[in-house]
Amino acid sequence: METAPKPGKDVPPKKDKLQTKRKKPRRYWEEETVPTTAGASPGPPRNKKNRELRPQRPKNAHILKKSRISKKPQVPKKPREWKNPESQRGLSGAQDPFPGPAPVPVEVVQKFCRIDKSRKLPHSKAKTRSRLEVAEAEEEETSIKAARSELLLAEEPGFLEGEDGEDTAKICQADIVEAVDIASAAKHFDLNLRQFGPYRLNYSRTGRHLAFGGRRGHVAALDWVTKKLMCEINVMEVVRDIRFLHSEALLAVAQNRWLHIYDNQGIELHCIRRCDRVTRLEFLPFHFLLATASETGFLTYLDVSVGKIVAALNARAGRLDVMSQNPYNAVIHLGHSNGTVSLWSPAMKEPLAKILCHRGGVRAVAVDSTGTYMATSGLDHQLKIFDLRGTYQPLSTRTLPHGAGHLAFSQRGLLVAGMGDIVNIWAGQGKASPPSLEQPYLTHRLSGPVHGLQFCPFEDVLGVGHTGGITSMLVPGAGEPNFDGLESNPYRSRKQRQEWEVKALLEKVPAELICLDPRALAEVDVISLEQGKKEQIERLGYDPQAKAPFQPKPKQKGRSSTASLVKRKRKVMDEEHRDKVRQSLQQQHHKEAKAKPTGARPSALDRFVR
Amino acid sequence: MGILHSHFSVASFNSLLALSQQEELADLPKDYLLSESEDEGDNDGERKHQKLLEAISSLDGKNRRKLAERSEASLKVSEFNVSSEGSGEKLVLADLLEPVKTSSSLATVKKQLSRVKSKKTVELPLNKEEIERIHREVAFNKTAQVLSKWDPVVLKNRQAEQLVFPLEKEEPAIAPIEHVLSGWKARTPLEQEIFNLLHKNKQPVADPLLTPVEKASLRAMSLEEAKMRRGELQRARALQSYYEAKARREKKIKSKKYHKVVKKGKAKKALKEFEQLRKVNPAAALEELEKIEKARMMERMSLKHQNSGKWAKSKAIMAKYDLEARQAMQEQLSKNKELTQKLQVASESEEEEGGTEDVEELLVPDVVNEVQMNADGPNPWMLRSCTSDTKEAATQEDPEQLPELEAHGVSESEGEERPVAEEEILLREFEERRSLRKISELSQDAEPAGSQETKDSGSQEVLSELRVLSQKLKENHQSRKQKASSEGTIPQVQREEPAPEEEEPLLLQRPERVQTLEELEELGKEECFQNKELPRPVLEGQQSERTPNNRPDAPKEKKKKEQMIDLQNLLTTQSPSVKSLAVPTVEELEDEEERNHRQMIKEAFAGDDVIRDFLKEKREAVEASKPKDVDLTLPGWGEAPGSPPSFLIKAPEGPPRKDKNLPNVIINEKRNIHAAAHQVRVLPYPFTHHWQFERTIQTPIGSTWNTQRAFQKLTTPKVVTKPGHIINPIKAEDVGYRSSSRSDLSVIQRNPKRITTRHKKQLKKCSVD
């Protein structure tokens, strides 16, 4: 995961010193307390941050497995270094106080390791082993390099912290705005658009642009940071949903009958009649697919790079008006009126999975950015968070007084729910943890019922579309503080955008590859492999990879008589046979052991059963 | 006389061969007659006689010589018969050479001739194809051997991450600082200033490349010197080996006489030398003397010559009857005396005195001698030998005790008495308890070791007693192992044989004791188990009670515990409601109200309906995904009375569904063929299992997931060529070999017909085959 340093972004300090604690990066001119000459004295580390980057003594280069990663930040030992001062002394006679490469914390490296080492490999030949070793060494090297580059992620997320015992949910937007700097305060605004009724809204991928469409036909796009309007039109039709395509230059609007695409001038580019009565839109940025859910019950995938419909899937569950995407694996989640959520990929005619979530219909679905958690709310007034890692079980459940009509996850895992004219925001403990539904992190009352919700990427801002217009509210700690300058750069110029567009198109992922496990591409197609093997055996008439039957080696001094050869052969055969029997017995035992617990345990009260 | 002789011979002949063929009989008299009539001289007669003898000897059996027909000129011409003289012998090559007179100069030639003759005839040459094949084989082997030196290079190149062509000799990447400095001069004023400073402070700017010591060591030995040195060493080694061979040869000689002679000679020589030494170098002589003294010591220690050996004993038996044996014995004894003689280191003046002393000593027995010496000077060795005698006496006393100890089965010889006493105390104690125990004895004996039945109160009492005992035993065991083991016997005896046998527990064997100890401990353990067993079910109950409490918190644990999650529970559990600070405003817009209304209705109808539908759907999905059985029934087949044969082929059970334990989930088990088309479906070469290969492709190499450096490194091309450069084939020098490898390869290629001795061997082998 490469991350580039921010080229020219001045840190938008959104919070104030009282409530928000954002660590400022230390500048070199700020270190007044420390003697200035660097490298002259191999003194102890100056501050805590430095200590973490404490280099270790370089261990043997051959044991590069663990040597380059330090388990714990260590303080160098002076006497050890003085032992052989000659080796480290340069021309000037000065010593390197921190010899060797800087260590990297293990947890960070672990984050970038992708090889699943838990699976034990069968015995491999020397040649294979060398290849595996090379692969592992490569992985370690690259992950270490990636971990080192984390240093460039200078920004840290902010957060709200209540003064002892203070509930952060009681802090209202006005307080926050008052506390933060002007630039951040400018990000909180309200657009009073009472005329064209409840609004849906969408931020572009870079988080710089905002498009919104009112139910009564009002469509507009603007650079919301500078408040510069790009276009504003009225399509004179019901607008059900609005969404940016891969860049802010294209805009898809789901209108009453058909799907329309406009550019940033408000000029209608396309009217896609194959997608009719669309209720919800989702855009899969890496596949260039626009997924549309329609009243007719069809889920249609439109490839916007070539303008072709990739797949039109019939969900067979009536009107579809709840849709969200899983940003991790580009699977579309549809909520149905029978309380199920179905997961879809364009490659399959049937849903990949169906999860029964609520007793009533599903009102809203949202999936977090890591693809681990799914939040659903149903007509039964419940809000549930499901684990998507294979089990699909609810992790936490809460009953809300009125039920949530809209849900959204932020980049850092904050969950927002719109209930009537209230938005509640829940935060988790860390980045990888699900939001805990115990206590809301923030609440806000709007001037009308909520109709659309989205967190702005890379900003601590939540956009809410409601009947009274658009509200942009500040949510500290919502957005990812560091952005990838090559991938989604909020400050990119037009040229940069065009460059990126070409690159993104070149790297477009085929639609067929959408499946539940996006890493399936790194696996071998075992079924075809086995089939190929079978075919080969049929073709050749023998198994070329079969284990050769045991042939006893000839021995010297008369021990190679026919009888002894036969005996030796027999021995090996018997041993193999015994192994087989042992294995089958073990399997039987396993089966029995498995079968036992399924039967109800005999209870002492059984004797009374008639 | 000759006639007489011949007559005799004829008579003997007749008598011998009376039954032989008639013709010959007829012939011979004729011959005889003829010779008789013609010959007068002795010479002739003798020759004839010789011939006759030959004829007779040839008559018997198969060797009978045919009388050859005359075919050539012969010395002897007979009108009756052709003489066969000379015709029977084979003509030898040497005969041709033989002159009338024998001459010595021709002997060598004859020898050579005979040598030539002794050689076998030359075998037929192999046919051309075979020879060529052998040549090819040999050439192949040789070439393979020569080329094998490239193996590591090839291997390295194959495993290399990147190869850069054209190959260039690797330059040392980092030149030592001294090199850099020597060719570098300070140019800019700043540099000059710095250098000035350095010089002023006498900082080492350029270290010498090599220290003088290293240089000297490098220059120390020239090639010639080294060669000479090696030659010397070789010579010395050769000489040594010759000498060793000689010694070995001599050692192998089995003749006793020879060895005796050699020994005697050696002894004489030694004596002579000693005499000489005494005159020339008294100090060295003294050393020699010490050697002799050492021999004496050896003899005294080993008593090799004191009639104790096997040989000596056998001789002693024979000595009664055999004088020689007696002599041998005496010789040995004298030898012993000679060896054990104390040599006096004395000056010449005292020598005579010493002589008398020697005589004296010879008369006195050895033991006395030793004591005397003790008196002379303290010798620890002697002292020890003295005390050993007393010890021996002590050990002779011991055996009376020994059998007793052995009966105890304990190897320790001393300190046995005390434990015995303790044992007796314990014994009494046991006897007291025995009376208590007698009641439950039977049941205890019958009870199997591993049984966990509930026991009656009596047996429990016994067990508790036993436990006490075992505890005691353990304590004792810790304090003193020996004691414990002896005690261990007692319960054993009492347990198994309550009868009077327990009076003699000491007679028990050791292994049995150990067994009983173990048994006792086992019993103790059993007791513990039993005690523990009661609370266990309670504990289990607690656990089972506890687990449901954990349920909502730990879904995984729950999954393990219970196979199926209750769907009803999952959906209908009451979740805590959120106390929101801000309650949504009640008054809402029309459509919101409308929706709320709908929602209310739906809520009313929501419930089991949804769940049942879902379960039904799931069941259908499971059924659909199951592999189907194949029914091969044909109408009319297998419908005969009796048990109908089944034509149903059962489909193999597939792997368990992923959603088997997840009631609220239906996971589609269908394969995504579109995605599978992008997957790897053939394992590349060195991999045998797909897991292995998967490991190598799990790390992404794109720049999206990697840093720039890592990306570059991961995507380096395998082979890099410089445009516009000629890529020459690899040479030996390029990889650090000498260039000769190429030349010896070419030798073989040039004349593959040349065959060395080794090849000849191979050839022979092949021809034999």
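A salt bridge is a side-chain nitrogen of Lys or Arg within 4 Å of a carboxyl oxygen of Asp or Glu. The exercises below apply this rule, and others, to a predicted model.

**Exercise 1.** Determine which residue forms a salt bridge with A:Asp241, and which strands the pair ties together.

*Solution.* Step 1: The partner is A:Arg200, and the closest N and O atoms are 3.2 Å apart. Step 2: This distance is to be compared with the cut-off, which is 4 Å. Step 3: A:Asp241 lies in strand β8 (residues 239-244) of chain A, whereas A:Arg200 lies in strand β4 (residues 199-203) of chain A, so the pair ties together parts that are 41 residues apart in sequence. Step 4: A search of the whole structure finds 31 salt bridges over all chains.

**Exercise 2.** State how many residues of each chain are in contact between chain A and chain B, and describe the side of chain A that touches chain B.

*Solution.* Step 1: On chain A, 94 residues are in contact with 78 residues of chain B. Step 2: The area buried between the two chains is about 7900 Å², and carbon and sulfur atoms give 58% of this area. Step 3: Across this interface the rule finds 22 residue pairs in polar contact, with both residues at pLDDT 80 or more. Step 4: Among the elements that give two or more residues to the side of chain A that touches chain B are α6 (126-149), β19 (353-356) and α10 (526-540) of chain A. Step 5: α6(A) gives the most to this side, with 14 residues. Step 6: By class, this side of chain A has 38 nonpolar, 26 polar and 30 charged residues.

**Exercise 3.** Identify a salt bridge and a strand pairing that join chain A to chain B.

*Solution.* Step 1: The rule finds six salt bridges across the interface of chain A and chain B. Step 2: In a salt bridge between the chains, the side chain of B:Lys670 meets that of A:Glu350 at 3.3 Å, N to O. Step 3: β19(A) is joined by three bridges to strand β4 (residues 665-667) of chain B, and the two strands run antiparallel. Step 4: Within β4(B), B:Ile667 is the bridge partner of A:Ala353.

Terms used:
Residues numbered from 1 in each chain as written. Chains lettered and ligands numbered in written order. Predicted model: local features only at pLDDT ≥ 70, side-chain atom pairs only at ≥ 80, totals over all residues. Heavy atoms only, no water. Contact = heavy atoms within 4.5 Å. Buried area = accessible area lost by both parts, 1.4 Å probe. Polar contact = N/O pair within 3.5 Å; in protein donor to acceptor, adjacent residues only side chain to side chain. Helix = DSSP H or I, 4+ residues; strand = E, 2+ residues; numbered from the N terminus. Nonpolar A, V, L, I, M, F, W, Y, C, P; charged D, E, K, R; others polar. Pairing = 2+ DSSP bridges.
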